[in-house]
Every structure is written in C-alpha cells, then in structure tokens.
Amino acid sequence: MQSLHLSAYTASCAAGHGKDALWQALQQQRSGLRRNDFPHCGLSTHIGRMHGVEDVALPKEFAEWDCRNNRLAWIGLGQDGFLDSVARARDRHGKKRVALVLGTSTASIGSTEEAYRLRENETELPAAYRRPVIHTPHSLTGFVRQYLELEGPFLTVATACSSSARVFASAARLLQAGMADAAVVGGVDSLCLSVLYGFNALELMSPEPCRPFDVLRNGINIGEAAGFALLERESASTLFFEGYGESSDAYHMSSPHPEGLGARQAMEAALQRAELSPDAIDYVNLHGTATRVNDEVEGKAIVGMFPRPVACSSTKAWTGHALGAAGILEAAISALCLERGMIPATLNCTEAEPLLADYVQMENRERTLEHVMSNSFGFGGNNCSLIFGQGMRRG
Amino acid sequence: MTKIYIDGIGIWGGGLFGWPEARSVLRAETALQSEERPIPAAALLPPAERRRSPATVRLALHVGAEACAMAQLAAADLPSVFTSAQGDTEITDYMCRELAHTEAAISPTKFHNSVHNAASGYWTIATGCRQSSSAVSGYLDSFICGLIEAAAVAVGENRPSLLVAYDIAAPAPLSTVCPVTVSFGLALVLNVAATPQSVARLSFGPSDGGASPARPDAGVAGADSLPESLQPLRMANPIARALPLLQALANRRRCRLEGSSFAAPLSVEVEPWN
C-alpha cells in the first residue's frame, strides 16, 4: 500500500496523559496500575484507571454527550496539540474530506449500567439518562465528530480488543477509494462494570499487577485509554503508517486459535502490504494480555512468523488492557518508540515464557528503530496487525 | 468515483421475509404481511450453539446466507462488514440488569456474546471464513456507514465483500432510548466488477449536501415513492432506512442515498444493472 504520514498522534491512559507523560512512565518503568477502586465494583484485581476523569466538565453545548467514555475522549483530544493539528487538516483538506474512524468496545455502556442501577421502575430510565446518543456504540464517534467539526465519512469500529487497530485499516481504505483525503483515527474505552465483571466471569482477571509473558502470569488487568492520530498522504512528519493485516480465526468466540493461525495471517498480511520482510521489523509491540492462553498462542505465532528472534514486548503492565482502545494506545507507544529510540521492557516479566526467551525484552533498551509492528487480537477471533516506520518515504 | 456492483441481497423482518417476497411487496404486486415471525434459527451453526445463539446473530446469519446464495459466492471467501445501530439490546438488557445488583454474576457466554462483533465472530466460525471481518456502527446512519465501509473493503482487497446490517427490537426500558421497535436485517454482496448476478451499480461521490440534519427521517432521497404500507417500518429500525434503495432495486429504478442524522459526506448513486 501507499504509506501514509502519521502527521500527529496522542495517547492518554493510566500511565500518563499525553506523549511526554507516557514516555516518562515508560522510561522510568513506572506502572499506571493500581488496586481496584472503581465504584460499585468489589472485585479483587488491579486496574489502569485514568486520573482526573471525574473532574472533567464538558462545555454546555456537549452536555447531551456527557459520559465517562466521552470525558476520556475530551482528555485525550486535549493533549499534544492534537486539536490544532486537526484544525490545520480541516483547513488544508476541507472538513468534508477528513474522515473520522474511531474504535471502541465499551463505548458509553457504563452510562447504561448506571441508568439501570438508578431506575425506579421497569418502563423508563432516570431522567438524566434519557439521552439516546449515549446508549449506542456510536456515542464516541458522534461526540468527537461534533467536537472536531468534521463532516467527512465517519464510522465506529467495534470489534472488541482489535477495534482501534482496525481504524487504521479502514482509514487507509477510505483514502485509497478516494472517499477522503485525510483521516482522524483513534479509540476510547472506559472502565465499566460490564468488562470488569465480564472478564471476571471468564476467569481471566489477575488479582495482582499483570505479568505479560511471565511463566507465572495469571491474567489481565483492565485499563482505559483515549488515543488519536491524524493520517495524511503528505505532511512534514517522518513517521509513517506502512501496512495493516486483518484476519479472522474462525475458531471460537473467546479463545484464540490454538496455533495462532489468525494472528500469523494478520502479521503476514501486514508485512506484505508494507512490502517488508520479517527481518526488517525492529520491534513488535505484542498484544500480550497476560492470560495463560493468549500469550502462549501469540508466542507461537511470533516464533512462526519470525524464526530469527525479533525484540518483542507487551506494554500492558504499564497501562492495563485498554480493550477497544488498546490498538491506538499501542500504536502511539510504537510511534513514540520509533521517534525517541527505545525498545521498552515487558514490565513485571521476571522469567519469560521459554518459547519466547530470545524474544521478550526484560529491560528498556535505547536503540534506533526503523519499522515497528503492533498486534491487537479480539474476541470473535478478530485479528489486526499494524506496521509503522520512520525515515524517508519508500515506494 | 468508486463503482461497486450489488450481486446478492438478503432481507428479513418487518413483513419482508426473503428477497423474492420483499421484491414483490416493493413492486406493489403483493401486500405486506402483517404477521410477526420469530427470527429463524441459525441454520449455519452446530445444533448446540444454534439453540442458544443471540437474536442478532440469528438475524445476521440468516440474511448473510441468503445474500451469498443469490450472489453464488462462498461465504468463506468474502471479507465482511457487520453494522448495527444498537448491537444486541437483549444482551445489553441482561448485562445491565445483572450489574445493577451488588455482587453481580454474569454468564461468561453472555459476556462474550455482548461484544458488538458477536455476529461477525459467529459468521466467520460458522462459514470457516478467515478473511477480515469488521463490526461497525453509525447509529441512525449505520446502514450507509456500513455500506461505505464494505465498498471500501471491496476496493481495498480487490474482491467481493459482504455487508450485513441488522438491529433487533429493543426490550424495555432500553426501548425508551433506542430507536428500534421492529427487528430487521439486510445483507448485500458487493462486487468490484460486474457479473451475471449483478442487479445494480453503486457510484460513491461527494454529496452536494442534499440531506439536512433538520430532517432526521431523510435517510434516502426518493423515500416519498415508498409504498404507504412500508413507511412505518422505515421509521421503526435504522437499517430500514435502506428501504428506498431496496425499492429502487426491486423496480429497477435509479435512486440516490444520503446520510441523515450527522449530515451527509458522500452520496451514493444507484442504477439498475443486467
């Protein structure tokens, strides 16, 4: 594919709001995870809860959209001069030619949960929650579209934990098909009872801080995040979105294919689109959720795809698993690592899964990187692999 | 300007049960059936999963299979896009009821079925499809947003793609905030080149801003010519905003689609083919 400039990007999560805070947390190996203190949730686990969300007050004109998820979006869009970058893109391309594609798995379901908890009868929701736009998966994109004053093609992608990785693929296709000249992509997922109790029901949650790829790993920590990026055919940025690969496991709703066939297929397709050989990849940011099975299967796929060991890590012990926002958060971390020259460790991993002993990074390492891969895999066997690069445009 | 061909149609709900029947109603040859029917069992799934599969999954699989059969294409070869304004509101209702209690106990199966891409996941499992499969939403514009995405997938992959659009009637109290009172599903097989199966050609171009946010019902231009009996359905389910497109297909007429609720970035010209 024709690579696209990553003209601007930003990410906010429990480890920090904006690029510099996130970078500091990565460099200092300071995790954003904390003991579960989410209201109305008594589960014994750790979570990646963003600070300051409760203090956000959306301006009056956006009152209809108010919910935790859109407050995260508000925080996220306010970092790193991203609003100015979007304003420039609007001026350059025209607001009807800038697409908006956002990923989420929770959307604003937390507000629907609250409405049910506070309801007084079976026929209606409390008055404060009678706002149809916050009870649809599209609530995030509806809000951001209005806030950013974009009038191009728009879409919410909701494929569980691959949602905000797939947005890059959707945006690239919209540009390829001539339906837009630039795209704002991103994703926001927010903590809510559905995901906390849901993953608990699947017995996939760790009571402790998660330990991706460690031999003693015992499950995930749920997190939340907001991240955004601007993709353009031309810009001054030397960061590029170079390729994507998508696939379906066709195996099971909540367990990955045991040999990681779908994951492998997504990585292969991404390399093919980027016209790169596996050897060209300097670092892979793994999906690495820290469940027994997920990490094992991703490990098999990685070893199959990269017979010669490549530096790999999962950054989820810094951020928690941001589910529908994991794709954009880890795309942003990948871009930061490209820009500032570091391969991050796999925080909390003290003894790596033997299969990946030569792959998993145990310490932060300063190094110049050219091409980085980021993996995101979700329920339904939904896989997406992305490749980012820096330097001169190729091809 | 991107051009795409429609090679297959699947439809179920609101008195329109299958494309041949729907076509005849849309041509005003037969009257709209007034009786409600239960959403069919998911014939594609193994018996154990068939019984307990969610309503959205059954609806999506049913219309998806009809569209693939008409297009004479194997489902396993098609990348797909599943679109829905609200997702599975029966499962949302279940989850929110359980979570309203302290010490909530959620069924693990219901939880993994609560993801917006459940229908997409079951479809790929049922058909053995390893192609890309997405699940999207555009609220009231879910049909046209899904159509744009599925067309872009066909172009990007340079192969036919499948669009499956569905929403089910929302249970109370969600029904007070969800714009769906009748279950309705629609599937289209889109092709990058004309085939003997092609029934229409779609051309995607910039909108001249014809649709106005002030007219929330303005899903598709030419809506006025829809038979009177189908007008209520068009307002009862966001996916049914595609009815004027279906009417144009049934009557081999041209029409023009526009986005509705959040203003219209693109328009889609529809013309009969073959």
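Guide: A nonpolar core is a set of buried Ala, Val, Leu, Ile, Met, Phe, Trp, Tyr and Cys residues joined through C-beta atoms within 7 Å. Please note that this is a predicted model.

Visitor: How many residues does the largest nonpolar core have, and which have the most contacts inside it?

Guide: The largest nonpolar core has 234 residues. Those with the most contacts inside it are Phe168(A), Ala171(A), Ala183(A), Phe388(A) and Ala151(B). Helix α7 of chain B, residues 142-157, gives the largest share of this core, eleven residues.

Visitor: What does Ala171(A) touch?

Guide: Leaving aside residues up to four places away in sequence, Ala171(A) touches Ala99(A), Val101(A), Ala183(A), Val185(A) and Leu231(A).

Visitor: Let us turn to helix packing. At what angle do α6(A) and α7(B) pack?

Guide: The angle is about 75°, and the axes are 9 Å apart. Angles of 65 to 115 degrees count as roughly perpendicular, so α6(A) is roughly perpendicular to α7(B).

Visitor: Which residues make that contact?

Guide: From α6(A) come Ser170(A), Arg173(A), Leu174(A) and Gln176(A), and from α7(B) come Glu149(B), Ala152(B), Val153(B), Val155(B) and Gly156(B). By class, the residues of this contact are four nonpolar, three polar and two charged.

Visitor: And the chain contact as a whole: how many residues does each chain give?

Guide: Chain A gives 57 residues and chain B gives 60 residues. Among the elements of chain A that give two or more residues to the side touching chain B are α4 (109-118), α6 (163-176), α7 (193-201) and β10 (239-248). That side of chain A has 21 nonpolar, 24 polar and twelve charged residues.

Visitor: Which strand of chain B is joined to β6(A)?

Guide: Strand β4 of chain B, residues 133-137, is joined to β6(A) by two bridges, and the strands run antiparallel. Val157(A) has Val136(B) as its bridge partner in β4(B).

Visitor: Back to helices, then. Why is α7(A) described as largely enclosed?

Guide: Because eight of the nine residues of α7(A) are buried, the helix is largely enclosed by the rest of the structure. The buried residues include Leu193(A), Leu196(A), Tyr197(A) and Phe199(A).

Visitor: What covers the buried residues of α7(A)?

Guide: Their cover includes α4 and β8 (222-223) of chain A, together with α4 (89-99) and α5 (108-113) of chain B.

Visitor: Which residue with a positive phi follows α7(A)?

Guide: α7(A) is followed by Glu203(A), whose positive phi is near 60°.

Notes. Residues are numbered from 1 along each chain as its sequence is written. Chains are lettered from A and ligands numbered from 1 in the order in which they are written. This is a predicted model: local features need pLDDT of at least 70, side-chain atom pairs count only at pLDDT 80 or more; totals for chains, interfaces and linings use all residues. Two residues are in contact if their C-beta atoms, placed from the backbone, lie within 7 Å. Helices (H or I, at least four residues) and strands (E, at least two) are DSSP runs, numbered from the N terminus. Ala, Val, Leu, Ile, Met, Phe, Trp, Tyr, Cys and Pro count as nonpolar, Asp, Glu, Lys and Arg as charged, and the others, Gly among them, as polar. Two strands pair if DSSP finds at least two bridges between them. A residue is buried if 20 or more other C-beta atoms lie within 10 Å of its own, exposed if 12 or fewer, and partly exposed in between; C-beta atoms are placed from the backbone. Axes are lines fitted to C-alpha atoms, for helices over the stretch in contact, and angles run from 0 to 180 degrees between N-to-C directions. Angles under 35 degrees count as roughly parallel, over 145 as roughly antiparallel, 65 to 115 as roughly perpendicular and the rest as oblique.
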